[in-house]
Amino acid sequence: MAAANGQVLHKPLGLLAELTHRCPLGCPYCSNPLKLESRADELDIGTWARVFREAAALGVLQVHISGGEPAARRDIVDIVAAANAAPLYTNLITSGVGLREQTLAALAAAGLDHVQISIQDSRAASADHIAGYQGAYARKNALAAEVVRLGLPLTVNMVVHRANIERIEEMVEQALQLGAGRIEIAHVQYYGWALENRAALMPSREQVERAVATVETLRGRHRGRIVIDAVVPDYYARFPKPCVGGWGRRSLNVTPSGRVLPCHAAECIPGLEFWSVREHSLQAIWESSPAFNAFRGTDWMPEPCASCPRREQDFGGCRCQAFLLTGDARATDPVCHLAPNHAMMAELAATQADAPYVYRR
């Protein structure tokens with residue numbers, strides 16, 4: 001099957017459902033946009049239920065129910081039940097703050113399949129400082145224990161940056177103690193709020209190299225006990241990541257107000273036309289939305305990407321990062337060592353400062 005631009009159209013496998021941008025935390029690396037959407041603009045339960053049914057018909061297998069903090073929605077249980085009925089595998093991505101035990105039990109009864117909780121550090125004072133919320137660490141740990149008690153699979157998400165990168169081993173040990181089956185060690189990706197705080201968050205190359213070695217050691221030590229996923233920071237990579245598995249290739253993201261994006265940061269690129277589920281079906285958006293077709297396939301690529309043997313592996317890298325760093329969304333991602341602008345990465349990574357965080361509010 002072909003998309004409207006003639007490129008091969010793959011089936012999407014995952015849907016990120018951003019129910020709300022409301023959140024009690026102020027994490028300085030939050031993936032939400034700098035301009036947050038208001039509560040008044042949020043989709044209602046009926047629209048979300050339709051979106052889930054249309055996603056399943058498209059071939060989507062799992063929905064990541066996120067925010068903001070998705071539990072800020074009073075109808076969160078009904079939303080999860082609708083996703084379960086679609087039917088989709090449901091993964092709740094929560095801050096762990098604002099989600100009550102009674103609501104969690106109701107979510108489990110409604111068919112919730114999996115929970116992912118973010119923990120900012122292995123030490124309470126540092127974790128609360130990073131989150132911008134006093135007491136967040138204790139509340140997250142308490143909720144994680146309740147998730148396990150209810151028999152739900154648990155993933156711990158640790159976003160790594162200069163303030164916590166030396167405590168990866170402690171974080172993995174904490175995840176084990178909490179009963180998690182998986183930990184995601186995700187180095188900060190510099191978009192939105194993280195880009196605002198880049199100098200304060202950026203680790204050194206030496207710290208990153210030690211972290212990579214630590215992860216490999218821990219994988220060997222804990223094999224069979226916990227799965228350890230790790231994402232290396234782009235600024236120290238040799239090749240770019242295949243952003244969301246390729247633009248408009250395997251996933252889509254629905255914002256709280258209903259705009260559908262190829263990736264969570266796509267709105268940073270000016271000139272793209274994003275269609276909304278309020279006016280279009282998810283199938284029509286997947287096949288024909290100008291934003292989804294803008295960078296599908298390889299025909300849009302300049303050199304050196306166009307003739308690169310890796311063009312079907314990394315798809316030219318991240319379009320949002322290319323725009324944010326070069327001003328041109330069609331440029332080769334500067335992370336790639338073959339990119340004309342690659343030299344800027346070392347300079348940007350070396351710009352570090354012990355500055356106060358600009359919290360997400």
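**Cysteines, contacts and a pocket**

Visitor: Which cysteine sulfur is closest to the sulfur of Cys 23?
Guide: This model is predicted, and the distance here is computed from its atoms. Cys 23 is partly exposed, with a relative accessible area of 27%. Its sulfur lies 6.5 Å from the closest cysteine sulfur, which is too far for a bond because a disulfide needs the two sulfur atoms within 2.5 Å. That closest sulfur belongs to Cys 27.

Visitor: How many disulfides does the count come to?
Guide: A disulfide is a covalent bond between the sulfur atoms of two cysteines. By the distance rule, the number of disulfides is zero.

Visitor: Is Val 335 buried or exposed?
Guide: Val 335 is placed in the loop between helix H13 (319-326) and helix H14 (343-349). Because its relative accessible area is 0%, under the 20% cut-off, Val 335 counts as buried.

Visitor: What is the separation between the C-alpha atoms of Leu 61 and Gly 14?
Guide: Leu 61 lies in the loop between helix H1 (45-58) and strand E2 (62-66), and is exposed, with a relative accessible area of 58%. Beyond residues up to four places away in sequence, Leu 61 touches Leu 13, Leu 88 and Tyr 89. Although Leu 61 and Gly 14 are 47 residues apart in sequence, their C-alpha atoms are separated by 6.1 Å.

Visitor: Which residue just after H13 takes a positive phi?
Guide: The buried residues of H13 are Arg 319, Cys 320, Gln 321, Ala 322 and Leu 325, and what covers them includes helix H8 (198-201) and H14. Just after H13 comes a residue with a positive phi of about 85°, namely Gly 327.

Visitor: How much space lies in the second largest pocket?
Guide: The second largest pocket is lined by 13 residues, with His 10, Arg 249, Arg 296, Gly 297 and Phe 315 nearest its centre. By class, this lining has four nonpolar, six polar and three charged residues. The space in the second largest pocket is about 160 Å³.

Note on methods
Residues are numbered from 1 along each chain as its sequence is written. This is a predicted model: local features need pLDDT of at least 70, side-chain atom pairs count only at pLDDT 80 or more; totals for chains, interfaces and linings use all residues. Side-chain values use heavy atoms; hydrogens and water are left out. On a 1 Å grid over the protein atoms alone, a cavity is a set of points where a 1.4 Å probe fits but cannot get out, and a pocket is an open set with protein on both sides within 12 Å along at least five of seven lines; lining residues have an atom within 4 Å of a point. Grid points are joined across faces, edges and corners, and a volume is the space filled by probe spheres set on the points. Ala, Val, Leu, Ile, Met, Phe, Trp, Tyr, Cys and Pro count as nonpolar, Asp, Glu, Lys and Arg as charged, and the others, Gly among them, as polar. Helices (H or I, at least four residues) and strands (E, at least two) are DSSP runs, numbered from the N terminus. Buried means under 20% relative accessible area, exposed over 50%, partly exposed in between (1.4 Å probe, protein chains only). Contact means heavy atoms within 4.5 Å.
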